[in-house]
Amino acid sequence: MFNPTKNIVLEPVWQKIYFVGRVAILIFFLLVVLYFLKNTLFPSEKFALDFNNQKIEESLLGYEDVSSLEKIFSAYSKDNFSFANFKITAKKNQPNLTDKEVLLRKTYSAFAYPLSDQLATFPDRTLLQNNNDFFLVSNGKIRKFSSFKTLEALGYSQDNFQKITDEEIGYMEKGEEITDTQNYPDNSLFLIDGTYYELLVGALRPFVSEKAFLSHCEKNQALVKDDDFLKKYSINQDNLIGFANGTLLSFDIGVFLVEEGKVVPFNNPETFLALGYNWDDIISANEEEIGLYQRDKVFSISRPHPSGTVFQDQDSGKYYLISGKDKKEIRGENIQRIYLKRKPVLVNEKSLSFDISCKLEKKLWPFNSYGCQMPTATLEKITGKDYQFKLNSNSTFEISQVNIIFSREINWLNMRDIFSDIKQRLLGSYGYGETL
Amino acid sequence: MEKHSKQQLELLVYKLLHDVLFLWLFGTVCLLTAQNILPNYFFSEFSLAKIIFGLFAILFLIGFFGKRQDVSSEENKEKTKKLSETLVFLIIISSALIINSFRTLEIFPLIASCVFALFIFFAFFQITSKSQK
C-alpha cells in the first residue's frame with residue numbers, strides 16, 4: 001500500500017506494531033467497503049411506527065384498526081424483496097402474542113376496497129341508443145327521449161348516440177322521459193364558437209378546454225350551436241369544468257393527478273410508476289388548465305389511487321372502477337370503452353388474499369416484543385405497492401411499536417436485477433435509454 | 001509511560017493516521033466518481049457532510065501529532081516532490097469528472113462554460129506566473 005510516511009522510521013518493535021496496525025486498518029477499510037456495497041446493492045427498507053411518540057398519519061407505516069382484534073399495518077414500496085421481518089412491541093401487562101399469526105399480502109390498497117353491489121354505469125352526459133330508443137344520462141339516471149321527433153326537435157341526430165346492449169341499459173336507474181322540445185335537459189352538451197358547454201340547472205358551464213372535454217366525453221356528444229344560443233341561457237364563467245377524475249396532467253416539469261377538484265403533484269417518477277400509471281396517458285396542460293385547480297400535498301407512494309381509477313385484473317380480465325371507498329365492476333363492452341380513455345392499472349385478483357404468513361415468537365429485547373420472518377420472493381410476480389400485514393388476536397392488546405424490515409438475499413437473481421438497474425440508470429443518464 | 005515510548009507511540013499514531021487519511025481520500029474519490037457517473041445511487045447510504053467532517057478530523061489529528069513530534073517540516077520537503085505526481089493524477093480525475101458532468105448541458109451553455117473556464121484558467125495562470133517572477 002502507498003506509504004506517505006516512509007521517511008519516518010520507527011524502532012523495530014514499534015515498526016512491527018505499525019505493520020499490524022496498517023493491516024488492521026486495511027482489513028477494516030475492506031469490511032466497510034463490503035458493508036457499503038451490500039447496503040447499496042442489496043438495500044433493505046425499514047418501516048417503523050411508534051405509538052408512544054409518533055402520530056400515525058406522519059408515520060411511513062400505515063395503520064388500520066379494522067377491529068379490536070384485527071389490525072393491518074401497511075408498508076409501501078415499489079421494490080421486491082426476499083424477506084420481511086415483522087416485529088411488534090406490546091405495552092406492559094399485555095396478553096402473550098406468541099404463536100399469533102401475521103399474514104401478508106401485496107396489493108394496491110384502493111383495489112382492496114370492498115366490492116360494491118352496484119355495477120359501474122354510464123357517466124352523466126352520455127347519449128345512448130338501444131335499438132330504437134334514445135337516452136341521455138342525466139343526474140345519474142337514464143332519461144329516454146319520448147320520441148324520435150323530440151330528439152330531432154332538440155337538434156340531435158342518430159350520430160350523436162352511442163349504441164349499447166339491452167344488458168347495459170339494465171344496469172341504469174331510469175329517470176323521467178324527455179318530452180320538452182323547447183328546453184334542454186341537464187347534462188346536455190354543446191359546442192359554441194369553439195368552446196364546449198354543459199347545461200346544468202338552467203346555466204351553461206364551459207369546459208376549460210377541448211382536452212378537458214375529451215377527458216369526459218366524445219366529440220360527437222356535443223350539439224353544435226351558434227352564438228345566439230348563448231343568449232338563451234346564463235353562463236357560469238366562474239365555475240369552469242376541468243378534467244375527469246384520475247386524469248394525468250403535465251405542466252412545466254411536474255406531473256399531476258386530478259382528484260376531486262384538486263391536482264396532486266407526484267413526488268417522484270418512482271411513485272408514478274409504482275402506482276402502475278403509464279407515461280403515454282399524460283396530457284400536457286397549459287397554465288389556464290392547471291390554474292383551475294388547487295394544488296394538494298404531493299402524491300407519495302402511501303396514497304391510494306383516487307376515485308375514477310380503473311383497475312384491470314390480469315387473471316380474469318375484469319375491470320373495476322374506484323368510486324369513493326368502494327370499487328365497482330365495469331361490465332359491458334360499451335361502458336368499459338367510456339372508462340378506458342386511459343390505460344387501466346393492472347392488478348391481480350389473487351393479490352387480495354393473504355397468502356404468506358408466519359407465527360410470532362418472543363424476542364429477548366426489547367421486553368414484550370415478538371417477531372417473525374416471512375419469505376416474500378413469491379410476491380414479485382404480483383403487482384402492487386402496498387405490503388399489508390394483518391395481525392389477528394383473540395384478545396385486545398395495546399401496541400407500543402411496530403417495526404418492519406424488508407431485506408434482499410444476496411443471490412444471483414437479485415444481483416442480476418441490480419446490475420440491470422445500474423445498466424438502465426447508466427444508459428439513461430447518458431441519453432441511451434429511458435430516464436425515470 | 002517513559003518519554004521515548006510516548007514519542008514512538010505518537011509517531012506510530014501519526015503514521016497510521018496517514019494511512020487512514022489515504023484510505024479515506026481514496027474511498028471519497030471512488031464514491032464521488034461513482035456518484036458522478038450514477039447520480040443519487042450511492043449517496044443514499046452516506047452523508048457527504050459526515051465524510052468531510054471525518055476528513056477534517058483526521059487532518060486535525062495529523063497536524064496535532066505532527067506538531068508535537070515536529071515532523072511537519074521534514075515531511076513537507078518530501079511532499080513537495082510528490083505533489084506534482086499527485087497533482088497530475090488529481091487533474092486527470094477532476095477533468096474526467098468535470099467533462100462527465102457536462103453531459104447534461106445544452107451546446108450553448110456548454111460553450112459558454114468552457115470559454116468562461118478557459119478565461120479563469122488563463123487569468124489564474126497569469127497571476128501565479130507574475131507572483132513567481
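A residue is buried if 20 or more other C-beta atoms lie within 10 Å of its own, exposed if 12 or fewer, and partly exposed in between, with C-beta atoms placed from the backbone. The model is predicted: local features need pLDDT of at least 70, side-chain atom pairs count only at pLDDT 80 or more, and totals for chains, interfaces and linings use all residues. Residues are numbered from 1 along each chain as its sequence is written, and chains are lettered from A in the order in which they are written.

**View 1. Helix α1 of chain A.** This helix covers residues 12–41. Helices are DSSP runs (H or I, at least four residues), numbered from the N terminus. α1(A) is hardly covered: one of its 30 residues is buried. At 1.5 Å times one less than the number of residues, the helix should span 44 Å; its end C-alpha atoms are 43 Å apart, which agrees.

**View 2. Chain B against chain A.** Here 19 residues of chain B contact 22 residues of chain A (C-beta atoms, placed from the backbone, within 7 Å). On the chain B side, α1 (3–37) and α3 (72–101) each supply at least two residues. The largest share, 10 residues, comes from α1(B).

**View 3. α1(B) packed on α2(B).** Helix α2 of chain B covers residues 48–69. The two axes, lines fitted to C-alpha atoms over the stretch in contact, lie 9 Å apart at an angle of about 155°. Angles run from 0 to 180 degrees between N-to-C directions. The helices are therefore roughly antiparallel (over 145 degrees). Contact residues include B:Leu17 and B:Trp24 of α1(B), and B:Ile58 and B:Phe65 of α2(B).

Terms used. Two residues are in contact if their C-beta atoms, placed from the backbone, lie within 7 Å. Angles under 35 degrees count as roughly parallel, over 145 as roughly antiparallel, 65 to 115 as roughly perpendicular and the rest as oblique.
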